[in-house]
Amino acid sequence: MRLSASARSAIALLLVSAACATARAADVERGRALYESRCGGCHSLDQDRIGPRHRDLIGRKAGSVAGFEYSQALRASRIVWNAETLEAWLADPERLVPGQRMNYRVPEAADRAALIDYLKTN
Amino acid sequence: MQSLKRRTFLTASGVATLSAATFGLIAGVPGRAFAMGSTQARDVDILNVALGLEHEAINAYQLGAQSGLLQKPVLDAAVLFQSHHKGHRDALMSTIEKLGGRPVMEKPMAEYAKALNAGSIKSQEDILNLAARLELGASNAYLGVIPAFQDVNLAKVAARLAADETMHWTALSSVLGKPLPGAPLSFGA
């Protein structure tokens with residue numbers, strides 16, 4: 001049986017999509033594992049601990065979780081969390097917001113990207 | 001009653017493994033309070049985050065011990081690890097005060113129980129998994145803040161604290177039957 005050109009294209013597209021979805025799932029799983037091992041000492045998704053909760057972080061104004069005691073510097077920062085601001089924050093929080101309290105750095109760009117991808121999905 | 005006995009035992013066994021005086025000596029911190037500069041204030045902020053971690057760890061082990069789910073010899077190990085965290089707490093509080101800072105205070109245990117979702121704990125394995133997660137997170141947290149310390153002596157102390165947490169994680173992982181990391185340099189990247 002010969003497939004038409006359009007059918008072959010559709011199958012190829014499906015295979016690429018499936019491969020992308022698998023790779024994406026692997027990235028998110030890597031981000032989850034990194035989150036647990038690198039951030040889990042102080043943070044969780046749904047509870048304030050040493051640091052504030054992270055659920056629905058993307059689009060949130062920095063220093064705005066009700067009831068959490070932030071540094072004055074972060075409260076006054078006017079930062080909104082997105083991929084760009086999180087990248088800068090995780091690379092060197094003191095450089096982004098002098099006077100912040102986290103001070104924890106994630107030195108590898110690939111690790112920061114995986115963590116940000118994970119936070120985007122939660 | 002059993003919980004009360006365990007709690008009393010844990011309190012009595014809270015022997016500092018690294019005395020505050022020793023910590024101060026190692027860190028090269030003067031034994032008097034002085035006005036903080038901005039670099040000292042930053043170090044104090046880092047130490048206070050570490051102190052928050054230690055408060056949480058102490059309460060996590062307390063919750064585990066009081067649950068009645070831990071059996072010997074796991075209970076003995078949990079008590080030992082809790083005593084290490086109490087030693088860390090005491091040393092951190094002393095150093096923060098010597099730097100002119102104000103140590104963060106421990107919260108009520110109910111707050112730690114809520115934050116750690118203690119209500120979902122049903123077995124010894126659940127407690128060990130929680131403890132292992134916290135110890136791994138603490139180890140990486142200490143390693144991750146080392147570059148931020150202004151005082152290199154405090155950075156060294158953070159590394160020593162990370163070593164204790166890693167020791168705890170390794171022991172807990174062994175009891176849980178989890179494999180050791182296959183790759184080198186798996187901590188603190």
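This is a predicted model: local features need pLDDT of at least 70, side-chain atom pairs count only at pLDDT 80 or more; totals for chains, interfaces and linings use all residues.
Most peptide bonds are trans, and most residues other than glycine have a negative phi.

**Makeup of chain B**

- Chain B has seven helices and zero strands, and its pattern, followed along the sequence, is α-α-α-α-α-α-α.
- Of its 189 residues, 42% count as buried.
- When the contacts in chain B between residues at least 6 apart in sequence are taken together, 84% of them join residues at least 24 apart.

**Helix 3 against helix 6 in chain B**

- Helix 3 (residues 38–66) of chain B packs with helix 6 (residues 124–145) of chain B at an angle of about 170°, the two axes being 11 Å apart.
- Because angles over 145 degrees count as roughly antiparallel, helix 3 of chain B and helix 6 of chain B are roughly antiparallel to each other.
- From helix 3 of chain B, the residues that take part in this contact are Ile46(B), Ala50(B), Leu53(B), Ala57(B), Ala60(B), Tyr61(B) and Gly64(B), and they meet a set in helix 6 of chain B that includes Ile127(B), Leu130(B), Leu134(B), Tyr142(B) and Val145(B).
- By class, the residues of the contact between helix 3 of chain B and helix 6 of chain B divide into 14 nonpolar, one polar and no charged.

**Leu161(B), a buried residue of helix 7**

- Leu161(B) belongs to helix 7 (residues 152–176) of chain B.
- Leu161(B) has 26 C-beta neighbours inside 10 Å and therefore counts as buried, the cut-off for a buried residue being 20 or more.
- His85(B) is 76 residues away from Leu161(B) along the chain, yet the C-alpha atoms of Leu161(B) and His85(B) are separated by 9.3 Å.

**Makeup of chain A**

- The secondary structure of chain A consists of five helices and zero strands, which follow the pattern α-α-α-α-α along the sequence.
- Chain A is more spread out than a compact globule, because its radius of gyration of 19 Å is well over the 14 Å that the globule rule gives for 122 residues.
- Taken along the principal axes, the box filled by the C-alpha atoms of chain A is roughly 70 × 25 × 25 Å.
- Buried residues account for 29% of the 122 residues in chain A, and of the contacts in chain A with a separation of 6 or more, 45% are between residues 24 or more positions apart.

**The buried side of helix 3 in chain A**

- Leu86(A), Trp89(A) and Leu90(A) are buried in helix 3 (residues 83–91) of chain A.
- These residues cover an arc of only 90° around the axis, which puts them on the same side of helix 3 of chain A.
- An α-helix has 3.6 residues a turn, so residues three or four places apart point the same way.
- The cover over the buried residues of helix 3 of chain A includes helix 4 (93–96) and helix 5 (109–120) of chain A.

**The contact between chain B and chain A**

- Chain B gives 20 residues to this contact, and chain A gives 17 residues.
- On the side of chain B that touches chain A, helix 3, helix 5 (109–115) and helix 6 of chain B each supply at least two residues, and the largest share, nine residues, comes from helix 6 of chain B.
- That side of chain B comprises twelve nonpolar, four polar and four charged residues.

**Residues with positive phi**

- Arg78(A), in the loop between helix 2 (72–75) and helix 3 of chain A, has a phi near 65°, a positive value in a residue other than glycine.
- Arg78(A) is exposed, with 8 other C-beta atoms within 10 Å.
- Leu185(B), which lies in the segment after helix 7 of chain B, has a positive phi of about 55° although it is not a glycine.
- Leu185(B) has 7 C-beta neighbours inside 10 Å and so counts as exposed.

Note on methods:
Residues are numbered from 1 along each chain as its sequence is written. Chains are lettered from A and ligands numbered from 1 in the order in which they are written. Axes are lines fitted to C-alpha atoms, for helices over the stretch in contact, and angles run from 0 to 180 degrees between N-to-C directions. Helices (H or I, at least four residues) and strands (E, at least two) are DSSP runs, numbered from the N terminus. Angles under 35 degrees count as roughly parallel, over 145 as roughly antiparallel, 65 to 115 as roughly perpendicular and the rest as oblique. Two residues are in contact if their C-beta atoms, placed from the backbone, lie within 7 Å. Ala, Val, Leu, Ile, Met, Phe, Trp, Tyr, Cys and Pro count as nonpolar, Asp, Glu, Lys and Arg as charged, and the others, Gly among them, as polar. A residue is buried if 20 or more other C-beta atoms lie within 10 Å of its own, exposed if 12 or fewer, and partly exposed in between; C-beta atoms are placed from the backbone. The arc is that of the directions from the helix axis to the C-beta atoms. The radius of gyration is taken over C-alpha atoms; the globule rule is 2.2 Å times the number of residues to the power 0.38.
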